Amino acid sequence: MHITAEKIKEAAEALESTELKSFMFQEPTAGPLTRRRRSSRSTGRSRRSTRGTRRSTRGTRRSTRRSTRGTRRSTRGTRRSTRRSTRGTRRSTRGTRRSTRRSRRSTRRSRRSTRRSTRGTRRSTRGTRRSTRRSRRSTRRSRRSTRRSRRSTRRSTRRSRRSTRRSRRSTRRS
């Protein structure tokens, strides 16, 4: 199909008759077809204001990102510090528990040793008491036996004396 001058004229007349002519000459960012084209000054101002708002929103986004990063870092630091402090407290409590256990064990051992020593001393004192009692008993018995022997010797001597006296008297009479 060849493009001729007549066809171009017909197309131009058709464009003029329709609303395509106004649509073609409008800006791409403009509103609907019924509104008139805004002036370049107002559009420039609106573009600048939108750019400023975009920049401000970007700045606010950046500041919010930075603040959130800072808060995250601070929370991480606080978490780490709390973890370290809890670890330190756990270690200190473990150490105190171990020391208390050791002290309890040592006190138990010392009590046992003192009990054993007291038992030994009690046994030894009992033994010494028994031995002293036995020795006292034996000394009492020996004293009694010596007294008895003395008495018997005295009686025998008295008897012998009496007998000698009687014999003497009898010899004198005769």
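Biologist: What makes helix α1, where Glu10 is found, a helix?

Modeller: Helices are DSSP runs (H or I) of at least four residues, numbered from the N terminus. Helix α1 covers residues 5-17, and Glu10 is found in it. This is a predicted model: local features need pLDDT of at least 70, side-chain atom pairs count only at pLDDT 80 or more, and totals for chains, interfaces and linings use all residues. Residues are numbered from 1 along each chain as its sequence is written, and side-chain values use heavy atoms, without hydrogens and water.

Biologist: Why is Glu10 called exposed?

Modeller: Exposed means over 50% relative accessible area, buried under 20%, partly exposed in between (1.4 Å probe, protein chains only). Glu10 has 52% relative accessibility, so Glu10 counts as exposed.

Biologist: How do you know which helix has the lowest confidence?

Modeller: Compare pLDDT, the predictor's confidence in each residue, from 0 to 100. Helix α2 (residues 20-25) is lowest, at a mean of 62. Helix α3 (residues 40-173) is highest, at 84. The protein chain averages 81.

Biologist: What pattern does the protein chain follow along the sequence?

Modeller: The pattern is α-α-α, with 3 helices and 0 strands.

Definitions and conventions: Helices (H or I, at least four residues) and strands (E, at least two) are DSSP runs, numbered from the N terminus.
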